[in-house]
Amino acid sequence: METRISEIAGGIYRLSTYVPEIAPPAGFTFNQFLVLGDEPLLFHTGLRKMFPNNREALSRIISPERLRWIAYGHFEADECGAMNEWLAIAPQATPAHGQTGCMVSLTDFADRAPRPLADGEVIDIGGGKRVRFIDTPHTPHGWDAGVLFEESTQTLMCGDLFTQLGDDKALTDGDVVGPAIAAEDIFKYSSLCPGMGTTIRGLAALAPRTLALMHGPSFAGDGAAALHALADDYDRRVSGQAPPRSLAG
Ligand SMILES: [Fe+2]
Ligand SMILES: [Fe+2]
């Protein structure tokens, strides 16, 4: 298993591992994001069993003990399974997550006390980088769900939003909505709830220029338009409408 590194925005690196055995023949990617600054931040720990791969990959960019923040989107093995492995090799690192997630899971799970982040709270990690945590409860799944927005590069680290199959290039300007709709049809991974569309449209107001997908390529382009289109599809699912002809299999 190889973990590849790409800089998808200024000072933001994607560590990507492709697993062909998941949803073959397309396969599936697991991506972590390292945001460089005086206080480097890792978004998603990766699976516990992928820790050696991710540690080796991150070591090609910075020494792992320099990590200061370890954040993630929601409590699940690929998002935070290797939390304690990272904490063990990064003595200055603090886990950071939303207040709900800290209360429900992280305070117990993590070997070091977490920093709870209020909805919209910013951590200034230096080097011009500022990361904002935004609550997105149950979107796409997990009571504790949230995303991270890096303000200087306008990069939205989307977690599982826009999940897609396959191993596209690291950074694309192509369609990320159609493949996400197709993956939802296959995996049914989202907790369909009435507030989803509104939550996702709220993210569009950030006008992201880069969407960093946990499972899929990163997208460079009109992030707000993509988020609006994804929100529309969730509204359709929640209301029980049939897919448009162009999307019907
Ligand atoms: Fe997830
Ligand atoms: Fe995930």
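The text below covers the metal sites, then the sheet, then the salt bridges of this predicted model.

**Metal sites**

Which residues coordinate the iron ion (ligand 1)? The donors are His74 (NE2), Glu76 (OE), His141 (NE2) and Asp160 (OD), at 1.8 to 2.2 Å. Along the chain these donors follow the spacing H-x1-E-x64-H-x18-D. The angles among the 4 donor atoms run from 87 to 164 degrees, and the site is irregular.

The iron ion (ligand 2) is coordinated by Asp78 (OD), Glu79 (OE), Asp160 (OD), Met214 (SD) and His215 (NE2), at 2.1 to 2.7 Å. The spacing of its donors along the chain is D-E-x80-D-x53-M-H.

Asp160 belongs to the loop between S11 and S12, and His215 to the loop between strand S13 (210-213) and strand S14 (218-220); the pair links parts of the chain 55 residues apart. On the side of the iron ion (ligand 1), Asp160 coordinates together with His74. His74 sits in the loop between strand S5 (69-71) and helix H2 (77-80), and Asp160 in the loop between strand S11 (155-159) and strand S12 (171-172), so this pair ties together parts that are 86 residues apart in sequence.

Are these coordinating residues buried or exposed? Both His74 and Asp160 are buried. The relative accessibility of Asp160 is 4%, so Asp160 counts as buried. His215, at 3%, also counts as buried.

**The sheet and strand S6**

An open sheet is formed by 7 strands in the order S1-S2-S3-S4-S5-S6-S7, with mixed pairing. S1 and S7 are the edge strands, each pairing on one side only. From one strand to the next the twist averages 25 degrees. Strands of a sheet pair through backbone hydrogen bonds, either parallel or antiparallel.

Strand S6 (residues 94-98) is mostly covered, with 5 of its 5 residues buried. S6 pairs with S5 in the parallel sense over 3 bridges. In this pairing Trp69 has Thr94 of S6 as its bridge partner, and Ala71 stands opposite Ala96 in S6. S6 is also joined to strand S7 (residues 115-117) by 3 bridges, and these two strands run parallel. Here Gly98 has Leu117 in S7 as its bridge partner. S6, helix H4 (residues 99-109) and S7 make a right-handed β-α-β unit.

S5, which pairs with S6, is also one of the elements flanking the loop that holds His74.

**Salt bridges**

How many salt bridges does a search of the whole structure find? The search finds 10. Side chains of opposite charge can pair when their charged atoms come close.

| Salt bridge | N to O distance |
|---|---|
| Asp167 and Arg4 | 2.9 Å |
| Glu121 and Arg115 | 3.0 Å |
| Arg201 and Asp235 | 2.7 Å |

In the pair of Asp167 and Arg4, Asp167 lies in the loop between S11 and S12 and Arg4 in strand S1 (residues 3-9), so the contact ties together parts that are 163 residues apart in sequence. Asp167 is partly exposed, with a relative accessible area of 32%, and Arg4 is partly exposed at 31%. The loop between S11 and S12 thus holds Asp167 as well as Asp160.

In the pair of Glu121 and Arg115, Glu121 is partly exposed, with a relative accessible area of 25%. Arg115, at 28% relative accessibility, counts as partly exposed.

The pair of Arg201 and Asp235 links distant parts of the chain, with Arg201 in helix H6 (residues 196-204) and Asp235 in helix H7 (residues 223-239), 34 residues apart. Arg201 counts as partly exposed at 26% relative accessibility, and Asp235 is partly exposed with a relative accessible area of 29%.

Beyond these pairs, Asp185, Asp233, Arg236 and Arg237 are linked in a network of salt bridges.

Methods:
Residues numbered from 1 in each chain as written. Chains lettered and ligands numbered in written order. Predicted model: local features only at pLDDT ≥ 70, side-chain atom pairs only at ≥ 80, totals over all residues. Heavy atoms only, no water. Donors = N, O, S within 2.8 Å, 3.2 Å for Na, K, Ca; no water. Tetrahedral: all angles 85-135°; square planar, octahedral: opposite > 155°, others 65-115°. Helix = DSSP H or I, 4+ residues; strand = E, 2+ residues; numbered from the N terminus. Buried < 20%, exposed > 50% of the residue type's maximum accessible area, 1.4 Å probe, protein only. Pairing = 2+ DSSP bridges. Right-handed = clockwise from strand over helix to strand, strands pointing away. Salt bridge = Lys/Arg side-chain N within 4 Å of Asp/Glu carboxyl O. Axes fitted to C-alpha atoms, helices over the stretch in contact; angles between N-to-C directions.
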